[in-house]
Amino acid sequence: MSREIDSIDARILEELESDGRLSIVELAQRVNLTNTPCSERVKRLERSGYITGYRAMLDLDKLGLGHLTVVQVSLAATGGDNSLDAFGKAVHLIPEVESCLMLAGAFDYLLTVRTKDMRHFREVLGDKINKLPGILQTNSFAVMEIVKK
């Protein structure tokens, strides 16, 4: 059972989204609560699904994955659930695909693909993405700069 969040809950979510490693003491100070009520609110927000997890933000350049490409994907047919399901399951198996969004519009999916460089991307495109089930066409766009994340 989910309940509405109040302004303090919203501030807690904002602070944790900005820095998920905040201690309860620091978080409580930032949202003007004492430690126990702040901790109870965080636990409630976790239980009710407003907070779904915590993760580290990685420096992808240092990890050798600094090249980002956006790929538009059009499927040959989307009339039945089978082609969408098959594509969705298969795209999960490509580790270089960072995200996959199903869209309504001129194409069916938008992928973000992380690779070490353009050569690596071309390999992923030819050997993996273009072999996904139901692919009709792809259009790729190399990202020059991430302006806002």
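Tutor: Two strands pair if DSSP finds at least two bridges between them. Helices (H or I, at least four residues) and strands (E, at least two) are DSSP runs, numbered from the N terminus. This is a predicted model, in which local features need pLDDT of at least 70 and side-chain atom pairs count only at pLDDT 80 or more, while totals for chains, interfaces and linings use all residues. Residues are numbered from 1 along each chain as its sequence is written, and side-chain values use heavy atoms, with hydrogens and water left out.

Student: In what order do the 4 strands form the sheet?

Tutor: The order is β2-β3-β1-β4, in an open sheet with antiparallel pairing. β2 (97-102) and β4 (135-142) stand at the edges with a single partner strand each, so one side of each has no neighbour in the sheet. From one strand to the next, the twist averages 20°.

Student: How many bridges join β1 to β4, and how many join β1 to β3?

Tutor: Strand β1 (residues 67-75) is joined to β4 by 7 bridges, and 7 bridges also join β1 to β3. On the β4 side, Val 70 stands opposite Phe 141, and Leu 75 has Ile 135 as its bridge partner. On the β3 side, Val 71 stands opposite Leu 111.

Student: Is β1 mostly covered or uncovered?

Tutor: β1 is mostly covered, with 8 of its 9 residues buried; buried means under 20% relative accessible area, exposed over 50%, and partly exposed in between (1.4 Å probe, protein chains only).

Student: Changing topic, what volume does the largest pocket have?

Tutor: Its volume is about 690 Å³. On a 1 Å grid over the protein atoms alone, a pocket is an open set of points where a 1.4 Å probe fits, with protein on both sides within 12 Å along at least five of seven lines; lining residues have an atom within 4 Å of a point. The volume is the space filled by probe spheres set on the points, which are joined across faces, edges and corners.

Student: Which residues are closest to its centre?

Tutor: Of the 19 lining residues, Leu 16, Glu 17, Tyr 54, Arg 55 and Met 57 are closest to the centre of the largest pocket. Helix α1 (residues 7-18) gives the most to the lining, with 4 residues.

Student: Lastly, where is Asn 32?

Tutor: Asn 32 is in the loop between α2 (24-30) and α3 (35-47). Its phi is near 60°, a positive value in a residue other than glycine, and Asn 32 is exposed, with a relative accessible area of 62%.

How values were computed: Axes are lines fitted to C-alpha atoms, for helices over the stretch in contact, and angles run from 0 to 180 degrees between N-to-C directions.
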